[in-house]
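I opened the notebook to look up aromatic rings, the nonpolar core and a surface patch. The entries follow in that order.

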Amino acid sequence: IKPIANSTGRRSALALWLTQPDNPFTARVLVNRVWQQHFGRGLAANASDFGKLGEKPSHPELLDWLANRFVAEGWSLKKLHKLIVTSATFRQSSSSEIADLAKLKDPE
C-alpha cells in the first residue's frame, strides 16, 4: 500500500491487520452477519460480540468452515451469498405444523 501524504498510516495498518488470513475474527463476523441476513439469526447469537467473552456459536465448525472458505475465495461476498442460498439448509422449509396451527388461531 502506497503511503498517503499527511497520513500516519494507522488506518492502512488497521485494514491490513483486519484482513490478514490468520485473523479469524473479521471473516467469522462477516460470515455470521451474512448468515443472519438470510436466516434471521446468526450462527453466533450476538453478531457484535465475538471472542472469548461472547456466547459460543451454535455451530462453530460450520462458522469456521464458511469463514475459511470466504477468505480462500478472496473475500467474495457474492460467492458467500451463493454458497448459502444454494445450500440444503437454505432450501429447508421454515414452517411447521405447530406454527401453521398458531397462524390459524391468530393470523396477526
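**Aromatic rings**

I found that W35, F39 and F90 form one aromatic cluster. Rings of Phe, Tyr and Trp (its six-membered ring) pair if their centres lie within 6.5 Å; planes under 30 degrees apart are stacked, over 60 edge-to-face, and the rest tilted. I note that this is a predicted model, where local features need pLDDT of at least 70, side-chain atom pairs count only at pLDDT 80 or more, and totals for chains, interfaces and linings use all residues. Residues are numbered from 1 along each chain as its sequence is written, and side-chain values use heavy atoms, with hydrogens and water left out.

I searched the whole structure and got three aromatic pairs. One of them is F70 with W75, edge-to-face, at 5.3 Å centre to centre and 70° between the planes.

I looked up accessibility for both. F70 is buried, at 4% relative accessible area, and W75 is partly exposed, at 24%. Buried means under 20%, exposed over 50%, and partly exposed in between (1.4 Å probe, protein chains only).

**Core**

Which residues have the most contacts inside the largest nonpolar core? I read V31, L66 and L80, in a core of 13 residues. Such a core is a set of buried Ala, Val, Leu, Ile, Met, Phe, Trp, Tyr and Cys residues joined through side-chain atoms within 4.5 Å. Helices α2 (24-39), α3 (60-72) and α4 (77-85) each supply at least two of its residues; helices are DSSP runs (H or I, at least four residues), numbered from the N terminus.
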